[in-house]
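Visitor: Hi, could you walk me through a few local features of this one?
Guide: Happy to, let's bring it up.

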Amino acid sequence: MDIDRLLGRAAERLSKAGSTSPRLDAEVLLGHVLGVDRTWLYTWGDRAAPVYERARFEALVAARAEGHPVAYLIGEREFWGLALSTSPHTLIPRPDTETLVEMALKLAPAAEGRLLDLGTGTGAIALAFASERPGWQVTGIDRIEDAVSLAIANAERLNITNVRFLVSDWFSALAESFDVIVANPPYIAESDPHLMLGDVRFEPLSALVAGEGGLADLRRLIDSAPRYLRPGGWLALEHGHDQSEQVRERLKAAGYREVASHYDLSGQQRVTLGRMAG
């Protein structure tokens, strides 16, 4: 069977299984198996698919049809132009989180400084920022040792040297202060029906779910961060699409200034920030 027909059959199966991007999923999976990019697939679609690679591909398609995330199946996801290794121990980096990176870069115009990424997972936010601000010292922390090991491996593979990753339960292992603190903490309520849909079903609940209707960790970080922010330093938080007002109110109550929310790629208020008195 040639590559075009193989992709067409896989896309049809994935569409019936509920994938919102069946053709893309199929192309990414086959490209991974064959070790080629999607342009190659378009160019050589009339070639016969090797038997062994076809079997591997069909096994991946079956897993994807069951709902397993593509990023876990191929072990990689692109974020901010960086190819990051992924694992079931961490959240899958998402395009909307690039909004948090954009905000962090705007808050860090100086040539040098210190940034902290709380709950770093794959290291996506820390590595994206560090790649754009080589003069800054970047720290990423996570309480899951496997996540920290993965982030370290990503930094080494990408040769990004101005970043370090530590095991820490939020601020517990830290003593220094920072110019900018960013976080994409758990912010989904335990009762949210979206936890039973799509890729989220396979991601670690500890990185998704928070108490108090999804606000517990956001509130904890807002209240704790001032002890680790330099005068005039910024805290920037990713949150749920319907949580911006509550996050802004908490920041103002905790004494932050210049509090504002910013929109993600989908037009939702996704990142809210505040500044310590200078």
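**Backbone and helix packing**

Guide: Let's start with Glu212, which sits in helix α9 (residues 211-214). Keep in mind that this is a predicted model.

Visitor: What is the phi of Glu212 like?
Guide: Glu212 has a positive phi of about 55°, although it is not a glycine.

Visitor: And is Glu212 buried or exposed?
Guide: Glu212 is exposed, with a relative accessible area of 53%. The cut-off for exposed is over 50%.

Visitor: OK, what about Trp170, where does it lie?
Guide: Trp170 is in the loop between β5 (163-167) and β6 (178-183). Trp170 is not a glycine either, yet its phi is positive, about 55°.

Visitor: Buried or exposed, that Trp170?
Guide: Trp170 has 11% relative accessibility, so it counts as buried, the limit being under 20%.

Visitor: Switching to packing: how do helix α1 and helix α4 cross?
Guide: The axes of α1 (residues 3-17) and α4 (residues 51-65) cross at roughly 15° and come within 9 Å. With that angle, α1 is roughly parallel to α4. The crossing of these two, α1 and α4, is right-handed.

Visitor: Which residues make the contact?
Guide: On α1 they are Leu6, Leu7, Arg9, Ala10, Arg13, Leu14 and Ala17. On α4 they are Arg54, Phe57, Glu58, Val61, Ala62, Arg64 and Ala65.

Visitor: How many of the α1 and α4 contact residues are nonpolar, polar or charged?
Guide: The contact of α1 with α4 has 9 nonpolar residues, 5 charged ones and no polar ones.

Conventions: Residues numbered from 1 in each chain as written. Predicted model: local features only at pLDDT ≥ 70, side-chain atom pairs only at ≥ 80, totals over all residues. Heavy atoms only, no water. Axes fitted to C-alpha atoms, helices over the stretch in contact; angles between N-to-C directions. Helix = DSSP H or I, 4+ residues; strand = E, 2+ residues; numbered from the N terminus. Parallel < 35°, antiparallel > 145°, perpendicular 65-115°, else oblique. Left-handed = near helix turned anticlockwise from the far one by under 90°. Contact = heavy atoms within 4.5 Å. Nonpolar A, V, L, I, M, F, W, Y, C, P; charged D, E, K, R; others polar. Buried < 20%, exposed > 50% of the residue type's maximum accessible area, 1.4 Å probe, protein only.
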